[in-house]
Amino acid sequence: MAMELPHVSAALGVLHPICIARGRNAEVWDESGQRYIDFIGGIGVLNLGHSHPAVVEAVQSQVETLMHSAFNAVPHRGYLSVVDALNQFVPVSYPLSCMLTNSGAEATENALKVARGVTGRQAVIAFDDAFHGRTLAALNLNGKVKPYKSGLGALPGPVYHLPFPSRDSGVTDEQALAALERLFEVEIPADEVACMIVEPIQGEGGFRLLCPQFAKAMRETCNQHNIILIFDEIQSGFGRSGKRFGFSHLGVEPDLLLMGKSIASGLPLAALAGRVELMDALPKGALGGTYSGNAVACAAALAVMDIMQEEAFACWGERQEALIVEAYQTWQSSGRFPMLGAMTGVGSMRGIVFNDTQNATGAEHLAALLTAGRNAGVLLMPSGRKRNILRLLPPLTTEPEILKEGLSLIEQALETLSA
């Protein structure tokens with residue numbers, strides 16, 4: 001089924017050929033009034049669901065008083081309040097210095113700027129299957145070519161990629177450490193590397209938790225060679241994994257932290273935060289942006305952090321994880337779905353691998369599931385290098401009965417694949 005998209009670039013890919021008109025928590029309705037349960041959540045943006053009442057109230061109040069002031073020219077209280085709140089919200093042992101941006105990709109670009117400016121080095125180490133954004137420098141960090149890098153020629157670098165060690169990737173921490181050792185021996189000396197950037201839990205890569213042992217070794221390597229360690233929590237942050245940030249599963253702290261997506265519950269806002277000596281090292285005026293830290297988006301972010309308290313995370317994460325894992329185990333143990341592979345991720349940030357069968361590849365099975373799921377009334381999305389991993393991103397606030405209904409609709413869609 002094709003959807004007419006007049007005056008929209010054909011280079012924009014559209015996953016589902018419907019047009020959403022309104023949403024409430026985990027439910028959305030299209031322009032014809034058809035209801036769906038949303039397991040996409042704006043690709044991880046809506047951890048608090050569509051139109052959370054407290055966020056809506058904060059945004060409406062802010063619009064009536066101040067919609068925007070370019071912080072670089074004339075500061076506003078919303079920006080100051082957000083960076084103060086982040087200093088309390090982010091679970092690190094040191095005080096943070098922050099800048100707000102419009103998007104995760106912009107946060108990535110500024111992190112690279114800080115790393116290069118502080119170290120005087122240019123090289124970056126990233127990981128296979130990573131995703132850090134669609135701007136040019138961020139593109140080169142991404143851990144796959146198609147569709148992001150195809151035909152673009154040389155990109156800002158140099159960037160070196162390592163295999164991503166995870167219980168879900170088939171790569172051990174020993175193999176990744178050997179690859180890192182080889183990189184320093186064969187490709188580039190450690191003292192020419194500005195930073196290492198990694199997602200504690202890969203998003204586009206298929207919801208895979210970084211091996212904690214490797215994370216600790218990476219931290220030690222960065223300390224030894226004065227390399228800046230950057231954690232990208234744009235998708236895994238703000239409660240997605242059952243904790244405020246994914247790095248809490250690793251027992252390691254970053255030097256710089258990228259945040260975005262659910263930080264403002266659907267309004268365009270992201271952040272770069274890190275150690276004061278790094279974030280404050282560039283010349284005055286080196287960081288900033290016209291819309292960065294817009295007043296209305298800041299009001300939304302303050303509401304988000306007020307709602308996201310520890311007791312809420314425990315309730316949401318445990319409840320959602322239990323229901324998703326129970327459904328998956330039922331599907332797998334039934335023997336009715338031979339294409340169903342392993343479950344990836346941790347907490348409430350879960351993916352399901354679709355394997356090849358005699359009749360179709362895992363990617364083909366998952367593509368068919370997306371269509372069948374939409375027809376049944378649930379919106380789903382793929383991930384992974386081969387687009388064969390279903391990623392589940394329902395709002396953390398999804399009512400248990402709605403989550404169960406959505407999982408039941410996925411099961412109905414799976415039945416069509418068996419047939």
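Let's start with the right-handed crossing of helices α6 and α7. Keep in mind that you're looking at a predicted model.

**Two helices side by side**
- The contact is built from Asp173, Ala176, Leu177, Leu180 and Phe184 on α6, plus Gln213, Phe214, Ala217 and Thr221 on α7.
- Sorted by class, that α6 and α7 contact has six nonpolar, two polar and one charged residues.
- The axes of α6 (residues 173-187) and α7 (residues 212-225) come within 9 Å and cross at roughly 25°, so the two helices count as roughly parallel.

**Salt bridges**
- Side chains of opposite charge can pair when their charged atoms come close.
- The count here comes to 13 salt bridges.
- Aspartate 129 pairs with arginine 208, with the closest N and O atoms 2.9 Å apart.
- That pair links the loop between β5 and α5 to strand β9, 79 residues apart.
- Aspartate 129 counts as buried because its relative accessibility is 9%, and arginine 208 is buried at 9% too.
- Glutamate 321 meets arginine 350 at 2.9 Å, N to O, joining helix α10 to strand β14.
- In that pair, glutamate 321 is partly exposed at 26%, whereas arginine 350 is buried at 11%.
- Arginine 336 and glutamate 411 form a salt bridge at 2.7 Å, N to O.
- Arginine 336 sits in the loop between α10 and β13 and glutamate 411 in helix α12, so this pair ties together parts 75 residues apart in sequence.
- Shared partners also join Arg24, Glu27, Arg35 and Glu405 into one salt-bridge network.

Key
Residues are numbered from 1 along each chain as its sequence is written. This is a predicted model: local features need pLDDT of at least 70, side-chain atom pairs count only at pLDDT 80 or more; totals for chains, interfaces and linings use all residues. Side-chain values use heavy atoms; hydrogens and water are left out. Axes are lines fitted to C-alpha atoms, for helices over the stretch in contact, and angles run from 0 to 180 degrees between N-to-C directions. Helices (H or I, at least four residues) and strands (E, at least two) are DSSP runs, numbered from the N terminus. Angles under 35 degrees count as roughly parallel, over 145 as roughly antiparallel, 65 to 115 as roughly perpendicular and the rest as oblique. A crossing is left-handed if the near helix is turned anticlockwise from the far one by less than a right angle, and right-handed if clockwise. Contact means heavy atoms within 4.5 Å. Ala, Val, Leu, Ile, Met, Phe, Trp, Tyr, Cys and Pro count as nonpolar, Asp, Glu, Lys and Arg as charged, and the others, Gly among them, as polar. A salt bridge is a side-chain nitrogen of Lys or Arg within 4 Å of a carboxyl oxygen of Asp or Glu. Buried means under 20% relative accessible area, exposed over 50%, partly exposed in between (1.4 Å probe, protein chains only).
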